[in-house]
2 protein chains.
Amino acid sequence: MKLFYLGPEGSFSHQAAGLSMRNRSSAIEYIPKVPLENVVKSLCAEGADAVAIIPYYNYLEGLVQESLDLIYENQVYIVGSQRVPIIFCLGGYERGLEQTGISSHPKALAQCSQYLNQYYPNIPHVEVSSTTEGARIVGERRSGFAVVSKEGLLKYELPLIKEDIGNIKHGKTNFTDFFLLARQDISQYHEKTDYFTMIAVTPYIDRVGLLQEILAQVSFYDLNLAKIHSRPAIDEVGNLGVEPQMFYLEIMCHKDNEDFKHCVDALEYKFTPKNSHLSAVRILGSYPACS
Amino acid sequence: MKLFYLGPEGSFSHQAAGLSMRNRSSAIEYIPKVPLENVVKSLCAEGADAVAIIPYYNYLEGLVQESLDLIYENQVYIVGSQRVPIIFCLGGYERGLEQTGISSHPKALAQCSQYLNQYYPNIPHVEVSSTTEGARIVGERRSGFAVVSKEGLLKYELPLIKEDIGNIKHGKTNFTDFFLLARQDISQYHEKTDYFTMIAVTPYIDRVGLLQEILAQVSFYDLNLAKIHSRPAIDEVGNLGVEPQMFYLEIMCHKDNEDFKHCVDALEYKFTPKNSHLSAVRILGSYPACS
């Protein structure tokens, strides 16, 4: 089975891919792709048994709009989920540190700023395109430090200086949640698991109180909302003279839940334009709640 | 006056800074800072007349949670706004192109993928930490191409190959909206301008239908919602056994609007915990609607 992930090798996407496949017995071919769009496009060019993994939520950044859009536009299905803690290590060589500095992706350097400022206040930061690229450079030169995942450290055989140096924000270590995607809905339901369902709601109109009407239906059917994200509607919405919104809603239940089905029916009845090929609600998929 | 922006020099933040100051007569000292957190922290360490500029919305990525969090946590004020179209140019030297490749930030390469794949399908992409870093490298080597803003092209004196090569998504060129921040609310109201106001609402409880209740108040007072983003509550919320949410709401009016004031009063009355220093609503600031 082919599995596409956001490269390079050793990235957190790569980790997520490995973790999500840990119980599979079949042989898996892990294929890195860049950018994010090509991860999903590669899946679309394959047969029904290929899968892809993309980040959809980060604790510090929230929902990843681009990922949700790619699922929506390419009509692929969410069939699983995987949480990966974003744990950075410091590794490399004290030799030449003052000249070579500490190499990593700007976001990784930012997330480790407290530790680095405390213990290495006068060492320059060198921004590179990815954390693994930083580790590769340090490994090649055998000089200076890299901030990278443990996997990246091992891959380039850098000596470990200090584990888990990332900032603690709001009492938590940063994490990223990933979706496993497929071209068909091959997800399986397990009774003792808590599920979430991601839907996209496009009302195709705009007026005061619209989102409140949508959420009134969600709460009428006793459904709980985990996350919400608004964006300008992606689908063609005709010449309305306004810019309608669409909403990504993460609902705390499985899509086979009876209340959920009634809620979706109500929203579609009210908001789907008559005599059109459009649909006011699209179910992107159900997946085990990450934790 | 000091103005802090997200560096390096020549970045889109730098452009936003220049545009937002185009009508000021006083001398301005532009100071680049990395990462985003240090832009806001630098502002906080200055006197009342310094300002900072940070991105808060991108057309492809939505609201920038990290920026909203920084405003919330550091209690600074939004005092202005600035939209910057994200327009990429191709520049550099045909010489050695097949070896040196096309250098840029991964996101810039992604946003120009259609043009690059059509006209330069077999040229390698070289990912670097920023678009201006790519231009600097190409300028130094006098070989290969860079994908960078026009300002970046001029800065490193690269010959222009082709202007505006970014992908068109959903009929639009990508853009980023920036907030101008200050330690005090020095914003001015102009009668003929449309304003938006960003607020953070933390209900400090969790139950089915909570967001719908909040939005029912917003629409009761005839207020229109431009954007919404949910995240786990930042403030301490006691030992409730649940994980309450907070909501960033962008409302289409100025904070001095009477309806808006009534709405905020209602939400604070209902959701602010009694006998606490907490507040259910925080007004982050009003600013002219970007367009």
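A crossing of two helices is called left-handed if the near helix is turned anticlockwise from the far one by less than a right angle, and right-handed if clockwise. This is a predicted model, in which local features need pLDDT of at least 70, side-chain atom pairs count only at pLDDT 80 or more, and totals for chains, interfaces and linings use all residues. Residues are numbered from 1 along each chain as its sequence is written, chains are lettered from A and ligands numbered from 1 in the order in which they are written, and side-chain values use heavy atoms, with hydrogens and water left out.

**Chain B, helices α2 and α3**

Select residues 36–44 and 65–74 of chain B, which are helices α2 and α3 (DSSP runs of H or I, at least four residues, numbered from the N terminus; strands are runs of E, at least two). Their axes come within 10 Å and cross at roughly 25°; axes are lines fitted to C-alpha atoms, for helices over the stretch in contact, and angles run from 0 to 180 degrees between N-to-C directions. The two helices are therefore roughly parallel (angles under 35 degrees; over 145 is roughly antiparallel, 65 to 115 roughly perpendicular and the rest oblique). The crossing of α2(B) and α3(B) is right-handed.

Next, display the side chains. B:L36, B:E37, B:V40, B:K41 and B:C44 of α2(B) meet B:E66, B:S67, B:L70 and B:N74 of α3(B), where contact means heavy atoms within 4.5 Å. This contact has four nonpolar, two polar and three charged residues (Ala, Val, Leu, Ile, Met, Phe, Trp, Tyr, Cys and Pro count as nonpolar, Asp, Glu, Lys and Arg as charged, and the others, Gly among them, as polar).

**Chain A, domains**

Turn to chain A and colour domain 1 (2–86 + 174–182), domain 2 (89–162) and domain 3 (195–288), with bounds from an automatic or database domain assignment. Taken over C-alpha atoms, the centres of domains 2 and 3 of chain A are 44 Å apart.

Then select residues 2–180 of chain A, whose end C-alpha atoms lie 12 Å apart. This span is 35% helix and 30% strand.

**Chain A, helices α9 and α10**

Finally, select residues 210–220 (α9) and 258–271 (α10) of chain A, whose axes come within 9 Å and cross at roughly 150°. That makes α9(A) roughly antiparallel to α10(A). Their crossing is right-handed. From α9(A), A:L210, A:E213, A:I214, A:Q217 and A:V218 meet A:C263, A:A266, A:L267, A:K270 and A:F271 of α10(A). Seven nonpolar, one polar and two charged residues make up this contact.
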